[in-house]
Amino acid sequence: MVALVCASCNNKPAGEIQKKGSSGKTLEMLVVADQEVYRGEAKALIDSIFGSVQPCLPVPESRFDIVNIPMSSYQNTEMFKVHRNVVLLDVRSDNPDKVYKHIDEYAAPQVIFDFAAKNRESLCQMLRQHSEMMLDEMYKAEHRRVIKAFKGMEGPALNKQVKDKFGFGLMFSNEFAWAKEADDFAWVRKEAKDFGIGLLIDVMPYENQNVFEEMRILDHIDTIMKRHVPASAPDSYTGIERRRSQSGEYLAEILSRNVDFNGSEYAVETRGCWRSFGDHMGGPFVAYTILSPDKKKVVTLMGYVYCPRNKPWTKRDLLMQMESVCWSLEW
């Protein structure tokens, strides 16, 4: 077996060195590889990992937009070195068959994966082994970018309102507004010309582990939406799209997974689509069901997107904004 090593480099304390802001569009990644490397199985693997369809969207969109440039262009052009998500593919016989991870090497936020492989077979093996970790780190970089942008245009009154009500902090920009609240609930949203995005915040006492079962989570989100989020047509209401085909499969994909969430002992991420029952609205959502550090409360953060057209905005990119707001949580 080839020894595979993932080394983390340049992890300096935050604020020790002021780095310039990284470049790149939302969910865009730069693959730095010469033509003789970026072909065949290696290219197919990159496409299958990063260019595959993102799950739980109502229309197909890739996880990342992939841009390929040769190694010489990257080495000689400052603009490429400060890109947010970079994968370097270097194949030479004297390479050590290692993967190096660089965080905020030339800019912030930024993650660079440097593959130093002896041959294309070793490269493909390393890509398969580290694919999940690479996706997680790139999503973290995307979260940090959105949070940093929102801090630059922070809505301090709204953020204080959230903290005063719930005892934890979330980072919203000044484009968001307080839409509705109840005893243990709040709805924060941004309404624009071509789309609407928002976050439903719910807190309830923690009773037992059953609250983290997928069906319980879906039922709870359904209850929150039906109670607090009105639809536009008379006698209509909103909820999760859970209709099934004759074979029993969901018509709209629903996925749940455990996540390591900002110091919480237990948290579940749930993705799917919401819809208006009796109306024609709908879109994707991402929700986090989180056990508080004191194990006394369960916090539900449900970010949603309503975007009938996919241009100039995409549902994928708007959902990343709401996902990043959720990951900005500070207890």
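**Getting to know this predicted model**

N85 is buried in this predicted model, with a relative accessible area of 0%.

Q: Which backbone oxygen does the side chain of N85 reach?
A: Let's start with where N85 sits, which is strand 4, residues 85-91. Beyond its neighbours within four places in sequence, N85 is in contact with several residues, including F64, V111, M138 and E28. At 3.2 Å, its side chain reaches the backbone oxygen of E28.

Q: Is I197 buried or exposed?
A: I197 is part of strand 9, residues 196-205. The cut-off for buried is under 20% relative accessible area. I197 has 0% relative accessibility, so I197 counts as buried.

Q: Are helix 1 and helix 4 roughly parallel or roughly perpendicular to each other?
A: The axes of helix 1 (residues 40-50) and helix 4 (residues 120-152) come within 10 Å and cross at roughly 25°. Angles under 35 degrees count as roughly parallel. Helix 1 and helix 4 are therefore roughly parallel.

Q: How many residues of the contact of helix 1 with helix 4 are nonpolar?
A: The crossing of these two helices is right-handed. Helix 1 contributes residues including L45 and I49, while helix 4 brings L127 and M134, among others. Besides one polar and two charged residues, the number of nonpolar residues in this contact is eleven.

How values were computed: Residues are numbered from 1 along each chain as its sequence is written. This is a predicted model: local features need pLDDT of at least 70, side-chain atom pairs count only at pLDDT 80 or more; totals for chains, interfaces and linings use all residues. Side-chain values use heavy atoms; hydrogens and water are left out. Axes are lines fitted to C-alpha atoms, for helices over the stretch in contact, and angles run from 0 to 180 degrees between N-to-C directions. Helices (H or I, at least four residues) and strands (E, at least two) are DSSP runs, numbered from the N terminus. Angles under 35 degrees count as roughly parallel, over 145 as roughly antiparallel, 65 to 115 as roughly perpendicular and the rest as oblique. A crossing is left-handed if the near helix is turned anticlockwise from the far one by less than a right angle, and right-handed if clockwise. Contact means heavy atoms within 4.5 Å. Ala, Val, Leu, Ile, Met, Phe, Trp, Tyr, Cys and Pro count as nonpolar, Asp, Glu, Lys and Arg as charged, and the others, Gly among them, as polar. Buried means under 20% relative accessible area, exposed over 50%, partly exposed in between (1.4 Å probe, protein chains only). A polar contact is a pair of N or O atoms within 3.5 Å; within protein, one must be able to donate a hydrogen and the other to accept it, and residues adjacent in sequence count only if both atoms are side-chain atoms.
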